[in-house]
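Keep the sequence and the structure open while reading.

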Amino acid sequence: MRYMLMRKADARTESDPQPDPRVLAAMADYNERMLRAGVMVSGDGLRPSREGCRLVLRDGEPRVIAGPFTPSEELLAGYSVLEVDSLEEAIRWARQWPPEDSEGSVTLELRRYYTFEDFAPSAGLEQHRSQARLPDELNLHLTFPGTCREAMGFYADVTGGHLEALIPYGETPAAEEVPAAWHDRIIHASLNLRGRRLMGADM
C-alpha cells in the first residue's frame with residue numbers, strides 16, 4: 001500500500017526556501033536508506049507559499065489568490081511517497097525522520113492513497129485504470145516485416161495509449177515505389193503515451 005509522508009510547514013520553511021546544507025545531507029541519507037529498502041517511490045520539497053497561489057472555486061468559478069498563506073503549520077513543506085505493507089511500517093519509517101531538520105521539532109502526517117479496489121466498478125474507474133497503464137516516458141521507433149498494423153493495435157490495447165496515426169503506403173506518394181501488395185502496409189504509425197511516442201513502420 002502507498003502512503004504520502006507529509007512534512008508540514010513552519011515559520012522557518014516559509015521564510016527560507018533554502019534548506020540548511022546539514023539538513024539536506026541528512027535528508028539524502030534518510031532517502032537513501034528508504035530507497036535501498038525499496039520503500040521510497042518519490043519525494044520533493046516545496047518552496048514557500050509566497051511563491052505560489054490558491055485557486056478557490058465557488059459555483060464552478062475559480063478565483064486565484066496569491067501567497068503567502070497563514071498559519072504556516074497548515075501548509076506543506078515537502079513530501080515522500082512510500083510503498084509499504086502497512087500503516088505501522090510507514091510509521092516506523094516516519095519515526096526515523098532526520099533530527100537535524102528544525103532541531104527535531106517537526107510535524108509529519110501520513111495519508112494512505114486510494115487504490116482502484118476502493119471504488120465500485122464504473123466507466124470512470126475503467127478510464128482511470130487505462131490511464132494508469134500508460135508508461136511515464138517513451139520515444140521509440142520500431143520496424144516490422146508487414147505486421148505494423150496488428151502490433152500497434154496490440155500495444156494500444158496493452159498500454160491504454162491513443163493510436164493517433166496509422167498511415168498505409170497506398171495513401172502516400174510512396175505508393176508508386178512499392179508493390180501493390182504493400183499498399184495496405186503501414187508507412188507511419190504513432191501511439192501517443194502521455195505525450196511521448198511509440199512509432200513504427202513496415203519496412
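A polar contact here is a pair of N or O atoms within 3.5 Å, where within protein one atom must be able to donate a hydrogen and the other to accept it. The model is a predicted one. With that cut-off in hand, take T159, whose side chain reaches the backbone nitrogen of G161 at 3.1 Å. The T159 side chain also reaches the backbone oxygen of Y155, at 2.8 Å.

T159 belongs to helix α5, which spans residues 148–159. Is T159 buried or exposed? With a relative accessibility of 14%, T159 counts as buried. Beyond its neighbours within four places in sequence, T159 is in contact with S130, R133, L134, P135, L191 and L193. Of these contacts, S130 is 29 residues from T159 in sequence, yet the two C-alpha atoms are 7.3 Å apart in space.

Helix α3 (residues 87–94) has E89, A90, W93 and A94 as its buried residues. Viewed down the axis of α3, these buried residues fall within an arc of 145°, so they line one face of the helix. Their cover includes β1 (2–8), α2 (21–36), β5 (76–83) and β6 (108–112).

Next come the charged side chains. The structure contains 12 salt bridges. One of them joins R22 and E103, at 3.1 Å from N to O. R22 is in helix α2 and E103 is in the loop between α3 and β6, so this pair ties together parts 81 residues apart in sequence. R22 is partly exposed at 43% relative accessibility, while E103 is exposed at 63%.

R36 and E32 form a salt bridge at 2.8 Å, N to O; both are in α2, 4 residues apart, which is about one helical turn. R36 is exposed, with 70% relative accessibility, and E32 is partly exposed, with 35%. In helix α4 (residues 123–132), R129 and E126 are 3 residues apart, again about one turn. Their closest N and O atoms are 3.4 Å apart in a salt bridge. An α-helix has 3.6 residues a turn, so residues three or four places apart point the same way. Salt bridges also link R7, D10, R12 and D101 into a network.

Last, a nonpolar part of the surface. L55, L57 and V64 make a nonpolar surface patch of about 300 Å². V64 lies in strand β4 (residues 61–66) and is exposed, at 57% relative accessible area.

Note on methods: Residues are numbered from 1 along each chain as its sequence is written. This is a predicted model: local features need pLDDT of at least 70, side-chain atom pairs count only at pLDDT 80 or more; totals for chains, interfaces and linings use all residues. Side-chain values use heavy atoms; hydrogens and water are left out. Patches are made of residues with over 30% relative accessible area and no salt bridge: like charges are joined within 9 Å, nonpolar side chains (Val, Leu, Ile, Met, Phe, Trp, Tyr) within 5 Å. Accessible areas come from the Shrake-Rupley method with a 1.4 Å probe; for residues, only the protein chains shown count as cover. A salt bridge is a side-chain nitrogen of Lys or Arg within 4 Å of a carboxyl oxygen of Asp or Glu. Helices (H or I, at least four residues) and strands (E, at least two) are DSSP runs, numbered from the N terminus. Buried means under 20% relative accessible area, exposed over 50%, partly exposed in between (1.4 Å probe, protein chains only). The arc is that of the directions from the helix axis to the C-beta atoms. Contact means heavy atoms within 4.5 Å.
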